[in-house]
Amino acid sequence: PLRRLSAAAVRVRRGVKSREEIPDFSDRQDEIGNLSIAVRDMTNALYARIEAIESFAADVSHELKNPLTSLRSAVETLPLAKNDNSRSRLMEIIQHDVRRLDRLITDISDASRLDAELARDDAGTVDLKKFITDLVAVSRETTRNKKAVEIELRVAKLPQGVKGYFVVGHDLRIGQVITNLIENARSFVPEERGHIILSLARTGKFNILTVDDNGPGIRADNIERIFERFYTDRPAGEAFGQNSGLGLSISRQIVEAHGGTLTAENIPGTKPGEIKGARFVVTLPAEA
């Protein structure tokens with residue numbers, strides 16, 4: 001059995017086949033059985049990571065090609081422009097595409113570093129109540145070039161015996177998730193009387209953060225798609241290319257790396273079929 005496991009491991013390393021099956025000795029109640037399970041799990045995780053990298057690379061290639069094609073067309077057309085208005089319009093397109101590429105590359109770099117950063121950096125205790133209170137205060141003050149909205153924080157009373165809203169994690173990355181959700185909500189609420197509500201509560205062994213807005217909600221067929229890489233469904237009137245489509249995908253990746261979940265749903269109204277806004281729910285394991 002050990003020779004078979006060793007030979008399979010060598011074949012995996014050499015990459016002779018696209019996917020190598022590790023011999024299954026899980027029915028054995030000894031060290032060889034345990035080793036077989038561990039090697040199989042490790043190999044499956046390795047293949048899953050390889051497939052994820054290949055998929056990410058394909059998505060990146062596709063997303064970079066769009067602004068590059070537009071940029072190339074504008075650059076090639078610029079010498080042929082017959083008047084100042086045409087040249088000015090082409091320069092606007094070039095500048096827009098350059099900014100779009102810059103946003104894409106920044107977010108792609110952030111996404112590609114995420115796993116390594118979370119694995120490398122030590123996690124610490126994060127006081128969610130204090131942390132979210134500070135982030136909300138900053139979001140209220142940061143209104144330059146942004147839609148003015150009312151941001152409200154509601155913190156539920158803790159169950160008896162629970163000392164606080166503590167989680168074990170990386171505060172900067174958790175902060176990135178919360179900020180992403182606030183700014184995503186801000187982009188969809190009405191220009192007037194926009195309202196975002198963050199609610200923090202404890203349910204069992206989990207801390208639950210919900211982010212509600214009074215925007216148009218999410219189309220039913222997009223509730224899961226909005227977490228896909230590079231998927232964008234932006235508010236009416238927002239210029240194309242202002243977002244990379246990675247924010248919610250990265251946010252879910254961060255939350256899942258902390259052992260939690262990030263989901264989306266619509267807030268039902270009082271009438272059948274009525275939608276009062278969108279709701280994002282972050283569930284994080286509470287510190288034991």
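This is a predicted model: local features need pLDDT of at least 70, side-chain atom pairs count only at pLDDT 80 or more; totals for chains, interfaces and linings use all residues.
**View 1**

**View 2. The largest cavity and the elements around it.** About 100 Å³ of space lies inside the largest cavity. Its lining numbers 13 residues, and those nearest the centre are Leu128, Ile174, Leu209, Val282 and Leu284. At least two lining residues come from each of helix 4 (128-141), helix 5 (171-188), strand 5 (206-213), helix 6 (247-257) and strand 7 (275-285). The class count for this lining is 12 nonpolar, one polar and no charged residues.

**View 3. The second largest pocket, lying between domain 1 and domain 2.** The volume of this pocket is about 410 Å³. Of the 14 residues in its lining, Ala52, Ala111, Asp115, Arg229 and Gln253 are nearest the centre. Helix 2 (31-77), helix 3 (84-120) and helix 6 each contribute at least two residues to the lining. Helix 6 contributes the most, with five residues. In terms of class, the lining of the second largest pocket has six nonpolar, three polar and five charged residues. Both domain 1 (1-84) and domain 2 (124-285) supply lining residues, so the pocket is placed between them.

**View 4. The largest nonpolar core, with Ile178, Leu198 and Phe280.** This core has 45 residues, and Ile178, Leu198 and Phe280 touch the most other members. Helix 5 gives the most to this core, with six residues. Apart from this core lies another, of eight residues, including Ala8, Phe25, Ile32 and Val39.

**View 5. Contacts of Phe280.** Residues up to four places away in sequence are not counted here. The residues that Phe280 touches are Leu181, Asn184, Leu209, Thr210, Val211, Ile218, Ile226, Phe227, Leu248, Leu262, Thr263 and Ala264. Among these contacts, Leu209 is also one of the residues nearest the centre of the largest cavity.

**View 6. Arg193 in the loop between helix 5 and strand 4 (195-203).** Phi of Arg193 is near 60°, which is a positive value in a residue other than glycine. Is Arg193 buried or exposed? The relative accessible area of Arg193 is 80%. Arg193 is therefore exposed, as its value is over the 50% cut-off.

**View 7. Ser86 in helix 3, with Pro216.** Ser86 has a relative accessibility of 31% and so counts as partly exposed, a class that runs between the cut-offs of 20% and 50%. Along the chain, Ser86 and Pro216 are 130 residues apart. The distance between their C-alpha atoms is 37 Å.

Technical notes:
Residues are numbered from 1 along each chain as its sequence is written. Side-chain values use heavy atoms; hydrogens and water are left out. On a 1 Å grid over the protein atoms alone, a cavity is a set of points where a 1.4 Å probe fits but cannot get out, and a pocket is an open set with protein on both sides within 12 Å along at least five of seven lines; lining residues have an atom within 4 Å of a point. Grid points are joined across faces, edges and corners, and a volume is the space filled by probe spheres set on the points. Helices (H or I, at least four residues) and strands (E, at least two) are DSSP runs, numbered from the N terminus. Ala, Val, Leu, Ile, Met, Phe, Trp, Tyr, Cys and Pro count as nonpolar, Asp, Glu, Lys and Arg as charged, and the others, Gly among them, as polar. Buried means under 20% relative accessible area, exposed over 50%, partly exposed in between (1.4 Å probe, protein chains only). Domain bounds come from an automatic or database domain assignment. A nonpolar core is a set of buried Ala, Val, Leu, Ile, Met, Phe, Trp, Tyr and Cys residues joined through side-chain atoms within 4.5 Å. Contact means heavy atoms within 4.5 Å.
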